[in-house]
Amino acid sequence: MSESKKEVLGFQTEVKQMLHLMVHSLYSNREIFLRELVSNASDAIDKLRFVALQNPQLLSSDSKPSIRIRVDETAQTITISDDGIGMTRSEVIDHLGTIAKSGTRDFIAHLSGDQKKDSQLIGQVGVGFYSSFIVAEKVTVVTRKAGESADSATCWESDGQGEFSVESTTRDQYGTDVILHIKPEDRDLVSKFKLKNILNRYSDHISTPILMLKDEYKDEKMVETNEWESVNEGSALWTRSKNQVTEEQYKEFYHHVAHDASDPLCWTHNRVEGKSEYIQLLYVPSEAPFDLWDRESVHGVKLYVKRVFIMDDASQLLPRYMRFVRGVIDSEDLPLNVSREILQQSRDLRTIRDGSTKRVLSMLEDLAKNKVADYDKFWALFGNVLKEGIGEDVGNRERIQKLLRFVSTASSGVASTTLEGYVSRMKEGQKGIYYLVAETPEIASRSPLLEIFKKKDVEVLLMGGPIDEWLMQYMGEFEGKTFINAAKGDLDLGDLSDKEEKEAVEKLQTEYQSLIANFKTSLGEKVQDVRMSLRLTDSPACIVSDPNALSPAFIRMMKAAGQPVPENKPILELNPNNPLVSRLQEDGKFDADWAQLLFDQALLAEGEQLADPADFVHRLNQMLLKTVTTENLTKN
Ligand code: ADP
Ligand code: MG
């Protein structure tokens, strides 16, 4: 059979299935055809560059390789031409008539035949060249392999229905033209303006120049000239070396990738070589994105493979607790038609994710060390997101712990205390890192539970809210020190409480036996226990929890979430040195209202809601009435 004859062949079954499905399900995404064809053109140029390393005579010396896109409004065609490696006749038949990649083939074999279900799946595989048929009723490919003669070119043509034809032809230069005969309903695409827009979105960072014919005003009309102009940057910013990119350019690029008009707080730009090769350019914003608290929201790091944009929502590139990060990761190893499913199992991706996570941590460490004010800003915006990493990323826990900032009894209201700082201030014999969680750090700071710590001059971390409550379940240890909840009933101050103190507390329990019994009778089911304590210096009473029980803040959180809450009765501790308590003891005349009042008051001090506030107010007023006389009212 003579090769110049026109040959008509059938597509492989899988191709037919794929074409059918694709045209029906990817229509809403129709502009992806351009990204696919430009990416193939760019690949072909890269391949030629690669083989020319061995065979330099393959390259024509006259001009720089480019991708050229022409629009013909009369013929209603779009032509994408490249100076790439081209294809031989048998390559054309193989590449544009079958699906070679086993991954895609497997995928197609698993299609259910249920169009609705399959439509959702097709978006996950790379559709490549065949995506041309989303917008074209006929596709013509003219290609000549580098190194072959001008008359050995091949013309491939198909309407995407089931067959294609191949025929010999001529082409002046090696390379490929893909001519799309656009469907009547897609003729709006036959416009340079429209195509430039699409290129801008998807292909601006292709490093090969993409050229289009320049328009010019002539006799008050816009006419096309014969002059080519580049419509892309031609070199992706992240591929340049750091010293070739100005601060302004980094910021410009951030505005573009993050869709954020404000400047970033900081960024990190690295080329990683080794097991996996990739470039990362990652930014921390200076404003919180509106969907920060939506853990499922779209992630801000774009995935590129060899300068070709792959996907926006690459949630697997960084852990969720880094969802504030924006930027680009460009891999040399991942396949170009990578799908979300492939990504999930990719070892290269895991390497990239681990490496990028560590990079972001280094960037934050650097900010914390060298730009304290900026780090404080970061902490205020994203600190609560970063905290999630303590539970989520055990491998990096210690590094994340060092990035945490706390309000503490030593820091006067601002979150500036670090764990390292705390440990350096620990007292001799101090057992661990004390913390207290309330509704807010501010409420925690006024808790009577802190009195003993003030007396002993021991620092306590003051925390607030459900995130902190959650955080403390996962903190484990820091530099060998355990975290101790200051609200727990068996508070052990280690060597800080001396033997005499412990004995004194023991003695108090017997001394105050009858008062304790009275309190217990009055409060009944409301408390688990009542006891004397030296934990307080000023307040008459405080509430502590069973060392094994859930903390009050945690229970509040469960209640708010409508969860069933396990019974957790508080323990009331009384301060023998408080005049109210000592008078109750001396007096012997015990009033059940006093017990109730002290109990409610202690609950209030912890930020608790009283079961019956009106009852509390009524009781308080009754007590006031008993003590207030006309005489002492007028005194001051
Ligand atoms: P992929 O690019 O992922 O391999 P495509 O469906 O986009 O899948 O392309 C299939 C194959 O067709 C390519 O691998 C390549 O061998 C060949 N091909 C497509 N376009 C060109 C081109 N412009 N120049 C040379 N070869 C091409
Ligand atoms: Mg391709």
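In which sense, left-handed or right-handed, does α21 pass α22 in their crossing? The crossing is left-handed. Handedness is read from the near helix: less than a right angle anticlockwise from the far one is left-handed, and clockwise is right-handed.

## Model and conventions

This is a predicted model, in which local features need pLDDT of at least 70, side-chain atom pairs count only at pLDDT 80 or more, and totals for chains, interfaces and linings use all residues. Residues are numbered from 1 along each chain as its sequence is written, chains are lettered from A and ligands numbered from 1 in the order in which they are written, and side-chain values use heavy atoms, with hydrogens and water left out.

## Overall build

The chain holds 23 helices and 22 strands. Both are DSSP runs numbered from the N terminus: helices are H or I with at least four residues, strands are E with at least two. The chain has 636 residues, and 50% of them count as buried. Buried means under 20% relative accessible area, exposed means over 50%, and partly exposed lies in between (1.4 Å probe, protein chains only).

Take the contacts in the chain with a separation of 6 or more: 72% come from residues 24 or more positions apart. A contact means heavy atoms within 4.5 Å.

## Helices α21 and α22

Two packed helices are described by the angle between their axes and the distance between the axes. Helix α21 (residues 592–605) packs on helix α22 (residues 613–627) at about 125 degrees, with the axes 10 Å apart. The two are therefore oblique to each other. Axes are lines fitted to C-alpha atoms, for helices over the stretch in contact, and angles between N-to-C directions run from 0 to 180 degrees. Angles under 35 degrees are roughly parallel, over 145 roughly antiparallel, 65 to 115 roughly perpendicular, and the rest oblique.

From α21, the contact uses D593, W594, Q596, L597, D600, Q601 and L604; from α22, it uses F616, R619, L620 and M623. By class, this contact has 6 nonpolar, 2 polar and 3 charged residues. Ala, Val, Leu, Ile, Met, Phe, Trp, Tyr, Cys and Pro count as nonpolar; Asp, Glu, Lys and Arg as charged; the others, Gly among them, as polar.

## Helices α2 and α7

The axes of helix α2 (residues 32–52) and helix α7 (residues 192–202) come within 9 Å and cross at roughly 70 degrees. That makes α2 roughly perpendicular to α7. The crossing is right-handed.

On α2, the contact residues are I32, F33, L34, R35 and V38; on α7, they are L195, I198, L199 and Y202. They divide into 8 nonpolar, no polar and 1 charged.

M18 sits in helix α1 (residues 13–25). M18 is buried, at 2% relative accessible area. M18 and I99 are 81 residues apart along the chain, yet their C-alpha atoms are separated by 9.5 Å.

G391 belongs to helix α11 (residues 372–392). G391 is partly exposed, at 23%. Its C-alpha lies 8.3 Å from that of Q473, 82 residues away in sequence. Setting aside neighbours within four places in sequence, G391 is in contact with W470 and Y474.

## Loops and cysteines

Q76 is a residue other than glycine with a positive phi, near 60 degrees. Q76 lies in the loop between β2 (67–72) and β3 (77–82). E479 also has a positive phi, near 45 degrees. E479 lies in the loop between β18 (477–478) and β19 (481–485), and is partly exposed at 39%.

The count of disulfides is 0, a disulfide being a pair of cysteine sulfur atoms within 2.5 Å. C266 is buried at 10% relative accessibility, and C542 is buried at 1%.
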